[in-house]
Amino acid sequence: MNKNILLFSAMICFLSPSVFATDGKKVFETYCWGCHHQTAVAFGPSFEEIASKRNVQEIKAMITDPKSVSKVFGYKRNAMPKFKLSDENLSAITEYIFSYKQESNITVLEKPQAIDKKVK
Ligand code: HEC
């Protein structure tokens, strides 16, 4: 009986992805939370907004070198500090940011083109 319970808890631990995978949410709560919010504008822009206008490289570059990248993005002043994250954490937080990308941004890309030309 006891053995079964042990085996069962071991299985739950094993199956729970958060035990192993680097959790983007955790990275967010540790480093970004004071200044960014997922969907609302805080001191910095929301993750929803960031995901709608930046790609993976841009986001990673901003986290590791905000001083130069914020200039490229058109900010007059740089208020975001630089972060030294492991590759794993950097990918996890970038993925986390993209999880707030809204569907509406995708439909813009799927706008039908050249239909007007064919239909007279
Ligand atoms: C001290 C506050 C602060 C912290 C902490 C912070 N940011 Fe920022 N972030 C800002 C501000 C302010 C901006 C706007 C640009 C600037 O001032 O440099 C910004 C801009 C950004 C941008 C670019 C926005 C755009 O225009 O696309 C990204 C991406 C970003 N932050 C991600 C993060 C991530 C990820 C973390 C956590 C690892 C983080 N930030 C932590 C304040 C912060």
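Mentor: Ala, Val, Leu, Ile, Met, Phe, Trp, Tyr, Cys and Pro count as nonpolar, Asp, Glu, Lys and Arg as charged, and the others, Gly among them, as polar. This is a predicted model, in which local features need pLDDT of at least 70 and side-chain atom pairs count only at pLDDT 80 or more, while totals for chains, interfaces and linings use all residues. Residues are numbered from 1 along each chain as its sequence is written.

Trainee: How are the residues of the shell around the ligand divided?

Mentor: The shell holds 17 nonpolar, 5 polar and 3 charged residues. A residue is near a molecule if its C-beta atom, placed from the backbone, lies within 6 Å of it. In total 25 residues surround the ligand, and Cys32, Cys35, Gly44, Ala79 and Met80 are the closest.

Trainee: What makes the set with Val27 and Phe47 a nonpolar core?

Mentor: A nonpolar core is a set of buried Ala, Val, Leu, Ile, Met, Phe, Trp, Tyr and Cys residues joined through C-beta atoms within 7 Å. Buried means that 20 or more other C-beta atoms lie within 10 Å of the residue's own, all placed from the backbone (exposed: 12 or fewer; partly exposed: in between). The largest such core has 11 residues, including Val27, Phe47 and Ile97. Its greatest contributor is α7, with 4 residues.

Methods: Helices (H or I, at least four residues) and strands (E, at least two) are DSSP runs, numbered from the N terminus.
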